[in-house]
Amino acid sequence: GVCDGHSRSLNSIPSGLTAGVKSLDLSNNEITYVGNRDLQRCVNLKTLRLRANEIHTVEEDSFFHLRSLEYLDLSYNCLSNLSSSWFRSLYVLKFLNLLGNLYKTLGETSLFSHLLNMRTLKVGNSNSFTEIREKDFAGLTFLEELEISAQNLQVYVPKSLTSIQNISHLILHLKQPVLLLDILVDIVSSLDYLELRDTDLHTFHFSEASISEMNTSIKKLVFRNVQFTDESFVEVVKLFNYVSGILEVEFDDCTHDGIGDFRTLALDRIRYLGNVETLTIRKLHIPQFFLFYDLSSIYSLTGRVRRVTIENSKVFLVPCLLSQHLKSLEYLDLSENLMSEETLKNSACENAWPFLQTLVLRQNRLKSLEKTGELLLTLKSLTNLDISKNNFLSMPETCQWPGRMKQLNLSSTRIHSLTQCLPQTLEILDVSSNNLDSFSLILPQLKELYISRNKLKTLPDASFLPVLSILRISRNIINTFSKEQLDSFQQLKTLDAGGNSFICSCDFLAFAQGQQALARVLADWPDDYRCDSPSHVRGQRVQDARLSLSECHRAAVVSAVCCALFLLLLLTGVLCHRLHGLWYMKMMWAWLQAKRKPRKAPRRDICYDAFVSYSERDSYWVENLMVQELEHFNPPFKLCLHKRDFVPGKWIIDNIIDSIEKSHKTIFVLSENFVKSEWCKYELDFSHFRLFDENNDAAILILLEPIDKKAIPQRFCKLRKIMNT
């Protein structure tokens, strides 16, 4: 139901909008006209933004059908006239912004009489809006926020704002304070929080008679971008005394055009700043700072103030006498100023800030942690100290601190290690955004530890922090933590470890995904906890990461693979035995050996007529009968016998190959003994290779005795075929 059309250079409201649209944003376009039919189908519309267009005309019934509208923004357009008919059907409207248009008044009749549920209203402009009349706000009874921009206001009719019975927050943009008191008289009993903006109070004069008898309810008063003089400041102080309900005063981005000379301005009749307990000053500009007095004339006014914030105002010193006058002060914030150890020594003098509990010196000029601690020993009630964003760089081995210290902020101080300098009484410690790579301090009372944005690789040892309940250790270089580590923190309620580079191992994922109670302890779980490795799950949430079976059960997988390999080898061995694989391997090796030699040996290398292959058990017949016959034949044959002609020391396989290669023929004396002889089988193997694979007739077979056909191995298929002839 959300339609976002902002900054699209539209010059009219788009057509085709239906009842399904609940939020329509057409701001920052060039729309000039809103017609009766443009939005008539948007009956369920709740939010309409038409800010920063060029709208100069809105027809009477343009918003008539928007009975569910709760938020309407028509600011910064060109509307010169406002009509009550626009709003007559917007019964549930809660927010209306009409700022920055061209109208001079809020219409001839009451615009808002039908808007009974209105909670936030913004009207006026910086130039042409000059008049507030009694009927302008008729019908409004309660507003959470009312903003009136009337820099050039010239007419304010008394009681124009009294119809609003209660206003939580009123923002007034007034250039001159002429009508300020008149407005204040009308709202002082119905307003909680007044904010005055962009006002020059040079001519402001407070009339005691106007408010003295009024029942006031204003609790907070804010001056934003307001200019004072010494005289007008005194008038404002008078206002604090007569508007007795004011508890909090704030000056934000204000300018004091004076030299602080209040001695002649009747301050002696004012003892305190009314009932003001909280004073806040931010970005105070004093053009004549180097002529400014020491403010001693207003020291006495500060006795009841309990909380003071002076931020980003170039404060380098709080005089000792002023510190001693701040007898009720419990909270002091001097952030983003120029305080150093030298000036702090004067500010925290003896009897200074006797009840001060919280001191904030963030982003000043402090450099020595040891000296800072010593200077604050005078503050007996101090429990909370913030000295973050100072350049301490290092921490000494020992320090002195006020005895009641419970909270210390040392974040962004560029320290690289922690020592026993820290007070043992601490309950809250913040050392975020430093260069720490370890935490090994024993702090028996520490309940909260903030150590984010450092270089820690693991969680601190729980035995050092026995009562720790909150640990924030995000944005470090921690890659894992375990259930045992978390369980060791017996009182831990919150752990923020997001933004680290987690190694999503099987153990870590099993722990992180299997603990339902972990979500109650881990802050920002699961979105801020993401895997950095393994690479295939990088960037995934730890909660969603999944690893394969092989990654999580590696030992089992290795065992299974080894078993499979063993079975494969066993199967291969059985198959080799059954299918004579060994023989084929031997033949392949013989073939490779033969390939390295000439296909036919040169005739000059042939030394024998025949190589005789026989079993040792048939040696009697071979050596005494056949060899004798052939070698004594005429002409005689020269035979190669392994007993006689093999080269001693040479590998037997090489002897066999060489003898066969150097013989014209190979004689096989076949018998049962021959078939059983392994070496005879090898000689037969190689000769079988030469006989049938080289297509020569080098083999001569002699059947010494009948041989069963089954005795000849199956692999000698061609030999078996010859034996059958």
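Helices (H or I, at least four residues) and strands (E, at least two) are taken as DSSP runs and numbered from the N terminus. The structure is a predicted model, in which local features require pLDDT of at least 70 and side-chain atom pairs count only at pLDDT 80 or more, while totals for chains, interfaces and linings use all residues. Residues are numbered from 1 along each chain as its sequence is written, and side-chain values use heavy atoms, with hydrogens and water left out.

The protein contains 18 helices and 33 strands. Of its 725 residues, 46% are buried, where buried denotes under 20% relative accessible area, exposed over 50%, and partly exposed in between (1.4 Å probe, protein chains only). Among contacts (heavy atoms within 4.5 Å) between residues at least 6 apart in sequence, 61% join residues at least 24 apart.

The largest nonpolar core comprises 156 residues, and those with the most contacts inside it are Phe63, Phe112, Phe137, Ile148 and Phe223. This core draws at least three residues from each of domain 1 (1-164) and domain 2 (436-553), the bounds being those of an automatic or database domain assignment. Apart from it lies another core, of 10 residues, including Val622, Met626, Leu641 and Ile667. A nonpolar core is here a set of buried Ala, Val, Leu, Ile, Met, Phe, Trp, Tyr and Cys residues joined through side-chain atoms within 4.5 Å. When residues up to four places away in sequence are not counted, Phe63 touches Val34, Leu39, Leu48, Val58, Leu72, Leu74, Trp86, Ser89 and Leu90.

Helix α8 (residues 506-514) has Cys506, Phe508, Leu509, Phe511 and Ala512 as its buried residues. These pack against α7 (483-488), β28 (502-503), α9 (518-521) and α10 (549-552).

On the surface, a nonpolar patch is formed by Phe289, Phe290, Phe316, Leu317 and Leu338, with about 500 Å² of accessible area together. Patches consist of residues with over 30% relative accessible area and no salt bridge, like charges being joined within 9 Å and nonpolar side chains (Val, Leu, Ile, Met, Phe, Trp, Tyr) within 5 Å; a salt bridge is a side-chain nitrogen of Lys or Arg within 4 Å of a carboxyl oxygen of Asp or Glu. Phe316 belongs to the loop between β19 (307-311) and α4 (320-325) and is partly exposed, at 39% relative accessible area.

Ser394 is located in the loop between β22 (384-386) and β23 (407-409). Its relative accessible area is 41%, so Ser394 is partly exposed. Not counting residues up to four places away in sequence, Ser394 touches Ile415 and His416. A separation of 8.6 Å is found between the C-alpha atoms of Ser394 and Thr413, which are 19 residues apart along the chain.

Most residues other than glycine have a negative phi, and most peptide bonds are trans.

Terms used: Accessible areas come from the Shrake-Rupley method with a 1.4 Å probe; for residues, only the protein chains shown count as cover.
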